[in-house]
Amino acid sequence: MKNLKKWMCAAVLLLAAGAVQAQREATPLDTLALTPPMGWNSWNQFEWEVSDSLIREIADAMVATGMRDAGYRYIIIDDYWVGGRDTRNRLYPDPVRFPNGMKAVADYVHAKGMKLGIYSDAAELTCAGVTGSLGFEELDAKTFAKWGIDYLKYDYCHAPSDRTTAFTRYKKMGDALRASGRPIVFAICEWGGRSPWLWGKAAGGHLWRTTYDSRDTWYSGDANLVGILDIFDSQEGLERYAGPGGWNDPDLLMVGLYGKGKSSSPDKRFAGCTDEEYKSHFALWCMLAAPLIVNNDVRSMSEFTRQLLTNPHLIAIDQDSLGRQGYTFMRSDHLQYLRKELSNGVAICIFNRSDEPQSFTLDPVRDADILYPAEVVSAWSGKRAKKGVVRGVLPPHGCEVLIYRRK
């Protein structure tokens, strides 16, 4: 009897150890979005003009311009793609916009070495008024998986305002995606009003919007039509919620739109930004470890836009494996100093919030506690920078980004 009890005890311990080990083993979903997703979205530039032919042309351009090789791997089809539901309640794409079906589009994008994203809404209708996914989460997730979809942007138009309902609806889709049989990145898009950074990961999200839709302007002062600086300021204090597998999403990059976006430029207030402002926009989003999702027309973008969006030093900051979001560590007059911990050092951004040029000084030891021997590189030029005290002049709304790499 004693031997039997010992054997049973040992068996239970082995089973428990096996259960713990199983919990620790990573699933394909657990390896998604370990760094912030990078890609292209159809919304601001094209909206209702999205189509099979457009997506194929964008995929070609992402390869030809070097965007894919720089890390932009997701091509995301936003609203207006849905045609309706068939007699078995399965979603089907608009037959005029997508005459070959969605799997054919996915196959084309995959053949280019990229991934395909799609859009739906946690209600009966999407923001554009076409069919949403409420009540059909499991079926839609399986449909997306069958088509070869790799990313779902899930909106919240026409849905109740309370946090409990939002969590419930998002978790239902998150669970459905997890059970679909295909690893699909889940982008929660409820605009930040219900603090999704507190519950987004528990709902199965890999990223969650922290703001209303961005407008192609530096500053709007309108809480519902937010500009780049408005959004940047609203990210203060959210850094604790970001990390590998779950990211704060301050919305799409406006870089390269120049006032041509349909919804991002609805009136003359939002006529685009200067090149200097676009530079700071991109640099600040990289410091925030934000998803880098562009929505300009990459088929005809300028060389300035292409070089900015493929800047290897800034992308490396954003995609650093440590997964830390940058934060403000010092302010001085019109200057704001940000710090982002890296796996092999730290990135420092000195940002001029003023409408006038501003002189800056950075003592890395005194101001940023960088006490270890480091190689200093300018993210703009890629060249070695001065190791000691750094001084310079920043243009209006401009910034300097320095990378301190441990030796």
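Tutor: We shall, bearing in mind that this model is predicted. Begin with Cys-349, whose sulfur has its closest cysteine sulfur in Cys-399, at 4.2 Å, which is too far for a bond. A disulfide requires the two sulfur atoms to lie within 2.5 Å. Cys-399 is accordingly in no disulfide.

Student: Are Cys-349 and Cys-399 buried or exposed?

Tutor: Buried means under 20% relative accessible area. Cys-349 is buried because its relative accessible area is 0%, and Cys-399 counts as buried at 6%.

Student: How many disulfides does a search of the whole structure find?

Tutor: The search finds one disulfide. Cys-127 and Cys-157 form a disulfide with sulfur atoms 1.9 Å apart. The angle about the S-S bond is 90°, and the link of Cys-127 and Cys-157 is right-handed. The pair links distant parts of the chain, 30 residues apart: Cys-127 is in the loop between β5 and α6, and Cys-157 in the loop between β6 and α7. Cys-127 counts as partly exposed, at 34% relative accessibility, whereas Cys-157 is buried, at 15%.

Student: How many aromatic pairs does a search of the whole structure find?

Tutor: It finds 19 aromatic pairs. To read one, consider both the distance between ring centres and the angle between planes: under 30 degrees counts as stacked, over 60 as edge-to-face and the rest as tilted. The planes of Tyr-170 and Trp-199 are at 40°, so this pair is tilted, with ring centres 6.0 Å apart. Tyr-170 lies in helix α7 and Trp-199 in the loop between β7 and β8, 29 residues apart. Tyr-170 counts as buried at 0% relative accessibility, and Trp-199 is buried at 6%.

Student: What is the geometry of the rings of Trp-218 and Phe-351?

Tutor: Their planes are at 70°, so the pair is edge-to-face, and the ring centres are 6.0 Å apart. Trp-218 counts as buried at 7% relative accessibility, and Phe-351 is buried at 0%.

Student: Which residues do ring pairs link into a cluster?

Tutor: The cluster consists of Tyr-154, Tyr-156, Phe-167, Tyr-170, Phe-186, Trp-191, Trp-199 and Tyr-212.

Student: Which residue lies over the face of Trp-48, and which over that of Trp-380?

Tutor: Lys-262 lies over the face of Trp-48, 5.3 Å from the ring centre. Lys-279 lies over the face of Trp-380, at 4.6 Å from the ring centre.

Note on methods
Residues numbered from 1 in each chain as written. Predicted model: local features only at pLDDT ≥ 70, side-chain atom pairs only at ≥ 80, totals over all residues. Heavy atoms only, no water. Phe/Tyr/Trp six-rings, centres within 6.5 Å; stacked < 30°, edge-to-face > 60°. Helix = DSSP H or I, 4+ residues; strand = E, 2+ residues; numbered from the N terminus. Buried < 20%, exposed > 50% of the residue type's maximum accessible area, 1.4 Å probe, protein only. Lys NZ or Arg CZ within 6 Å of the ring centre and 35° of its normal.
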